[in-house]
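Here is a friendly walk through a two-chain structure, meant to be read with the coordinates open beside you.

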Amino acid sequence: MVAGRLLAPLDRKLLRDLWHVRGQIVAIALVIAAGIATMVMASGTLNSLTETRQAYYERNRFADIFAHARRAPAGIVDDIARIEGVSRVSARIVQELLVDMPAMDEPVRGRVISLPRDGDPRVNDFTLRTGREPREGYPDEVVVLQSFADAHGLEPGDTITANFMGTRRHFVMVGTALSPEFIYAIAPGSFVPDDRRFGVFWMNERVVEAASNLEGAVNDIVVQIRRDAAPDDIIRQIDTLLEPFGGTGAYARTDQPSHAFIEGELDQLSVLASIVPPVFLAVAAFLLNLVVGRLIDTEREQIGLLKAFGYGGLSVGWHYVKFVLAIGVVGVVIGMVAGIWLGHSVTRLYTGFFHFPFLHFRLDFGTAGIAVAASLTAAVLGAALSIRRAMVLAPAIAMRPPPPTSYRRGLLERAGISSLLGAAGRMVVRHVLRTPVRSALTSLGVAFSVALLISSLFFLDSIDRMLEIFFEDTQYQDLSVSFVERRGDDVANDLLHIAGVLAVDLHRSAPVRLTHGTRSERLALTGRDPQASLSRLLDADGDEIVLPGQGITLSNSLATSLDVEVGDILRVEVLEGRRPVIDTPVTLIVREYVGANAYMRRDALNRLLQEPPSANAADLAIDPGFQETIYAALTESPQVLGVDRRAATLERFRALIDDSMVTTILFYIGFASTIAVGVVYNSARISLAERGRELASMRVLGYHRHEVALILVGELALLVAAALPVGCVLGYFLARGMATEFASDLFRLPFIVYPSTFAFAAIIVIAASIGAALLVVRRVSRLDLISVLKTRE
Amino acid sequence: MPAPEPAREATVETAFRIGSLTKTYQVGETEVHALRGIDLVLPEGELIVILGPSGSGKSTMLNILGGLDRPTTGSVRFHDTELGDLDDGALTRYRREHVGFIFQFYNLIPSLTARENVALVTEIASRPMQPEEALSLVGLGHRLDHFPSQLSGGEQQRVAVARAIAKQPGVLLCDEPTGALDSQTGIAVLETLDTVNRELGTTTLIITHNVVIADMADRVVTFADGMTTEVRENVRRKAPAELTW
C-alpha cells in the first residue's frame with residue numbers, strides 16, 4: 001500500500017526520464033520494431049501461404065504423385081487405385097499446343113488438359129473463376145488458366161487460335177479457372193514464370209482424345225495417397241504398372257514445379273524469420289545496455305537518495321526495468337503495425353506470382369507473441385547488468401560523486417602514434433580505447449548493418465552473373481524450337497530453308513532416370529553435337545569443353561545431388577521407346593547454374609535409343625529482319641511444339657527481378673539504416689553526455705563549435721571506419737551462406753559480390769551514420785558553457 | 001562611437017572599461033537581475049580581487065568579461081573592443097586570443113596528460129609559450145605526463161593555471177580558484193597566480209568570497225546584490241605566503 005503511494009511519483013519520474021531521452025528511445029524502438037516487423041511479416045506470410053495452400057490443395061484434391069505415359073488404357077486407373085495406400089486416382093490426357101496470340105510476336109506455349117466425362121471428384125480439380133465448364137458436344141469450348149486470360153485481356157466468348165496436334169484450330173473461351181497444379185504457372189523447361197507466355201487449356205476429354213488419337217486411352221495419371229502411405233513405394237508400383245505403356249517415371253509432389261517453387265519461397269521466408277530478427281534484438285539489447293548504463297550513472301545521486309528514503313534495491317531495479325519495458329513496448333507496437341503492413345504488401349506482391357483463389361495476410365498470433373516476448377526479454381537482459389549496478393549501489397556511496405574518470409598511458413603511447421595526433425586526436429583515440437568493449441560492440445553494431453546490406457545486395461550481383469553466364473556466355477541462339485515428334489536429321493535442312501534462318505543446331509532429349517547407389521534423379525538427357533555453334537558447355541574454370549564420344553556429362557549440381565565424380569559409373573534408364581538401360585562412366589562435369597542437366601553426344605544418344613540420326617529440338621540463329629515470317633512458318637508447321645525466344649526469357653527474368661528483388665532490397669536498406677542510425681545516434685548521444693563537460697570546457701578555452709564537434713564526429717568516424725571492413729567480411733560470409741541456402745533444383749546462384757556492392761553498402765551506412773551524427777552535433781552548439789564550469793562532474 | 005580618452009591621462013592603460021552594465025536572466029518564470037548597473041575601470045597589469053557573497057553577481061560579471069555571456073544593457077570594452085558587439089565566432093576568437101580561465105573545479109580534460117592539457121591551448125594560440133615552460137612556471141615540470149586522475153587537487157589546479165597562462169593571455173580570469181582546495185594548497189596556487197601577475201604583467205581577476213585573499217590584490221572590488229558597493233586600492237600587496245585562513 002505504502003509502496004503504491006510512493007511509486008506514483010517514481011512513475012512520473014520514469015515518464016520524464018523517457019521524454020528526456022526520447023530521441024534515443026525512438027532510435028532503439030525502431031531497431032526493435034525492425035526485428036518484430038521482419039518476424040511478424042515473414043511468419044505471417046509464411047503461415048498465410050502455407051495455410052492457404054493447404055486448404056486449396058485439400059479442396060481441389062491436389063495430387064501427391066504424378067505420372068505420365070505414352071498411351072495407357074483408361075482401365076489402368078483401377079489397377080492404380082488398388083495399390084495399397086492410394087486413396088484417389090484421376091486419369092487424363094495432357095498435350096502441348098502452340099497458341100497464336102495476336103499481341104505477341106512469337107507463338108505461345110500452352111498445355112491442354114482433358115476434363116473427364118464422368119462427374120467424379122477429380123484429383124487436381126480446377127476452380128472456375130468466371131464463365132462455365134465446356135459442354136459436351138461443343139468441341140471448341142475451352143476453359144483457360146486465369147492468369148493467361150488476364151495477361152491477354154481475354155473474356156468469355158473470345159476466340160483463341162492454336163496449333164493443336166498438327167491442326168490449326170479456333171477455340172472459344174467459355175470460362176477461366178485456377179488450378180493447384182499451376183499456382184506458380186511455369187512453362188516446361190522454363191525457369192521464369194510468364195503469364196503471357198504460358199497458358200493452360202481445359203477441354204472435354206472426348207475432344208482431346210480425338211485430336212491426339214487416344215480413344216479409350218490416357219497419358220497422364222494423378223494420384224492422391226493416404227496420409228500414412230509411403231510415396232516411394234507407391235511410385236515404384238505405379239512405374240511397374242505403366243512401364244508397358246511408355247511410362248516416363250512417376251514422381252512425388254516435391255518434384256512438381258509449382259509446388260517446388262512455393263516450397264523454395266517458404267524456405268526463404270523461414271530463413272528470413274529466423275536469421276534477421278535476432279540480429280536486431282542483439283543490437284537493441286546492446287543499445288539499451290548503453291543508454292540505461294548512462295542513465296544510471298547520471299542518476300547515481302538520485303538512486304542514493306531513493307535508497308536513503310527507504311526504497312529497496314528491488315524497487316529501484318523494477319523502476320529501471322519499467323524504463324526498459326516502456327522502450328520495448330514502443331518498439332513492439334511500431335513493429336507490429338509495420339509488420340502487419342509489410343505482411344499485407346508482401347502478400348500482395350505474392351499474389352502477382354502465385355495464383356491462389358484467395359490469399360490474405362493473416363497475423364500469426366503465436367509467432368507474434370513469441371516475437372514480443374523475445375523482444376522484451378532481450379531488452380531487459382540487455383540492460384540487466386546496468387540495472388543490477390543500480391540495485392546494489394550503497395546509498396552512502398551513491399550520493400558521493402563518482403570517482404574521476406581515470407586514464408592511463410596505454411596503447412597509444414606504446415604504439416608511438418601519440419605524438420602524431422593533436423590534442424583533439426588524442427582525446428578521440430583515448431576515449432575509444434578507454435571502453436574497448438563498448439567501442440568494439442558499437443563498431444560491431446554498425447558492421448551488422450553493413451553485413452545485412454551486403455547479404456541482400458549481393459543477390460543482384462549473383463543473379464546478374466548467372467544471367468550473364470546463362471544467356472551470354474553459353475547460349476547464342478535466337479530461338480529454341482521443340483518438335484512434337486522425333487525428326488530425322490534432314491529437319492535441319494527444312495529449317496535452313498526458311499528465309500532468314502542462318503544456322504541450326506539439332507538436339508535430341510529423352511527422359512531418363514540416373515541412378516548412383518541409393519541416389520536417383522529423373523530428368524531429360526540432352527544429346528548435343530560436338531560441333532554445335534549456338535551454345536556451349538563450360539568447365540569449372542569457365543573454359544569451353546567438347547563433349548567426349550563416350551560416357552555421360554553432368555552439370556555440377558546434378559553431380560552433387562547424385563554424389564558422383566568423374567570416372568564413377570552411372571546407371572542410365574531411358575524412360576521412353578525401347579527403354580534401354582546402360583551403365584556408363586561420368587566423363588566430364590560442367591559448371592551450370594540453371595537446372596540439373598545431363599549431356600551425351602547426339603549420335604551416341606541416338607545409338608543408345610536404337611534410332612537413326614534424329615532430333616526433337618533445335619537452336620536457331622536468325623536474321624532479325626525475318627523474325628515475323630519465321631514465327632509464322634514455325635507456328636503453321638504441325639511439327640513444332642514450342643518456340644522460345646532467348647531475348648524474351650531474359651527480359652522476363654529481368655522484369656521478375658525488378659518486381660521482387662528491388663522491393664526486398666529497399667526493405668533491407670531501410671533495416672540496415674535503422675541499425676546504423678540507432679547505433680551511431682545512441683553512441684553519439686552517450687559520448688556527448690559523458691564528455692559534455694570536456695567539450696564545453698574546450699569551448700570556453702577558445703575552441704570553435706566545429707572544432708569541438710569534430711572531436712565527437714572523429715570518435716564516430718573512427719568507430720564507423722573500423723566497422724566497414726568488419727562488416728564487409730561478415731557480409732561476405734553471410735552472403736555466401738545465403739547463396740548456398742538459395743540453391744534450388746531449378747537454379748543456383750554463382751556466388752559473387754562485386755566491389756561496387758561493398759562500396760554501395762558502405763556508402764549507405766556512412767550516409768546513415770552522418771545523418772545520425774548531425775542530429776547530435778547540433779547539440780554541441782547548445783552546450784551550456786557557464787553551468788558546466790560551476791558544477792563538479 | 002568610442003568614448004573620449006580619459007585613460008590617456010594615466011600612465012597605465014585600461015584593460016576593461018565597464019559602463020552601466022546590467023544582466024537579466026530568465027530563470028523559469030522569474031526574472032533575475034544579476035547585475036544592476038555596474039561602472040568600473042580595471043587597469044592593465046593589476047591583480048584585482050572581486051569579493052562578494054553568493055548571488056551578488058560577481059561570477060556573472062566574470063563570465064561577461066570572459067566572453068562567455070553577453071550584457072543585457074550597457075558597455076564592456078576590452079581595450080578598443082566592445083564585447084557586446086561580438087558575435088559567437090568573434091567571442092570564441094576573443095577567448096582564444098586574450099583570455100585565460102581558471103575555474104574552481106579545474107576543468108581539465110581527463111583523457112589528456114598535464115602537458116597535453118596545456119598543449120590543448122597552445123595549439124590554437126598565436127604566441128604561446130612551450131607547455132613544459134608553463135608547467136615549470138607553476139612548479140609541475142616533473143609531472144608532465146601524468147593524467148588528471150593521477151594528480152592531487154592542488155596539482156590539477158596548477159595545471160589549470162599553466163594552461164591558462166601558456167597562451168600569454170591579456171587577462172587571466174579566476175573563478176574561486178582555491179574554492180575546492182585546502183588552505184595550504186590554495187596558497188600555493190595563489191602564489192603561482194601572484195608570480196604570473198608580477199613576472200608576466202597579466203591583468204588578473206580573482207573572484208572569491210574568501211575575504212583574506214583580498215590582501216594580495218592591487219585593487220579590491222566588492223559586490224552585493226548585483227552592484228559594486230566598494231572599490232578600494234591596497235597600499236601594499238601582501239605576498240600569498242603571508243595569508244592565512
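What follows covers confidence, the contact between the chains, and then the sheets and helices of each chain.

## Confidence

Please keep in mind that this is a predicted model. Its overall scores are ipTM 0.84 and pTM 0.79. For chain B the average pLDDT is 89, and 96% of the residues score at least 70. Within the elements of that chain, strand 3 (residues 47–51) of chain B has the highest mean pLDDT, 96, while helix 6 (residues 183–200) of chain B has the lowest, 89.

## Where the chains touch

Chain A brings 23 residues to the contact and chain B brings 26 residues. On the side of chain A that touches chain B, at least two residues each come from helix 13 (423–434), helix 19 (646–700) and helix 22 (785–790) of chain A. Helix 13 of chain A gives the largest share of that side, five residues. Sorted by class, the residues on the side of chain A that touches chain B are 10 nonpolar, seven polar and six charged.

## Helix packing in chain A

Two packed helices are described by the angle between their axes and the distance between the axes. Let us start with helix 20 (residues 705–742) of chain A and helix 21 (residues 755–777) of chain A, whose axes come within 10 Å and cross at roughly 155°. An angle over 145 degrees counts as roughly antiparallel, so helix 20 of chain A is roughly antiparallel to helix 21 of chain A. The crossing of helix 20 of chain A with helix 21 of chain A is right-handed. On the helix 20 side of this contact you will find, among others, A:L712, A:L716 and A:L724, and the helix 21 side includes A:F758, A:I766 and A:V776. The contact of helix 20 of chain A with helix 21 of chain A holds 14 nonpolar, two polar and no charged residues.

Helix 20 of chain A also packs against helix 14 (residues 436–473) of chain A, at an angle of about 40° and with the axes 6 Å apart. At that angle, helix 14 of chain A is oblique to helix 20 of chain A. This crossing of helix 14 and helix 20 of chain A is right-handed. Its contact residues comprise 21 nonpolar, seven polar and no charged.

## A sheet in chain A

Chain A has an open sheet of four strands in the order 2-10-1-11, with antiparallel pairing. Which strands form its edges? They are strand 2 (86–92) and strand 11 (251–252) of chain A, each pairing on one side only. Helix 6 (residues 231–242) of chain A lies across strand 1 (65–73), strand 2, strand 10 and strand 11 of chain A, and runs at about 10° to strand 1 of chain A.

## The sheet and hairpin of chain B

Chain B has an open sheet of six strands, ordered 6-7-8-3-9-10, with mixed pairing. Strand 6 (99–102) and strand 10 (227–233) of chain B each have a single partner strand, so one side of each is left without a neighbour in the sheet. From one strand to the next, the twist averages 15°. Helix 5 (residues 153–165) of chain B packs on this sheet, touching strand 6 and strand 7 of chain B, and its direction makes about 175° with that of strand 6 of chain B. Helix 6 of chain B lies across strand 3, strand 7 and strand 8 of chain B, running at about 155° to strand 8 of chain B.

Strand 1 and strand 2 of chain B form a hairpin with two residues between them, and B:G28 in the turn has a positive phi of about 60°.

| Strand pair | Sense | Bridges |
|---|---|---|
| Strand 2 and strand 10 (residues 217–225) of chain A | antiparallel | six bridges |
| Strand 7 (residues 171–175) and strand 8 (residues 203–208) of chain B | parallel | five bridges |
| Strand 1 (residues 14–27) and strand 2 (residues 30–43) of chain B | antiparallel | 11 bridges |

To find these pairs in the view, look for A:V86 opposite A:I225 in strand 10 of chain A, B:V171 with its bridge partner B:T203 in strand 8 of chain B, and B:T24 opposite B:H33 in strand 2 of chain B.

Notes
Residues numbered from 1 in each chain as written. Chains lettered and ligands numbered in written order. Predicted model: local features only at pLDDT ≥ 70, side-chain atom pairs only at ≥ 80, totals over all residues. Contact = placed C-beta atoms within 7 Å. Nonpolar A, V, L, I, M, F, W, Y, C, P; charged D, E, K, R; others polar. Axes fitted to C-alpha atoms, helices over the stretch in contact; angles between N-to-C directions. Parallel < 35°, antiparallel > 145°, perpendicular 65-115°, else oblique. Left-handed = near helix turned anticlockwise from the far one by under 90°. Pairing = 2+ DSSP bridges. pLDDT = per-residue confidence, 0-100.
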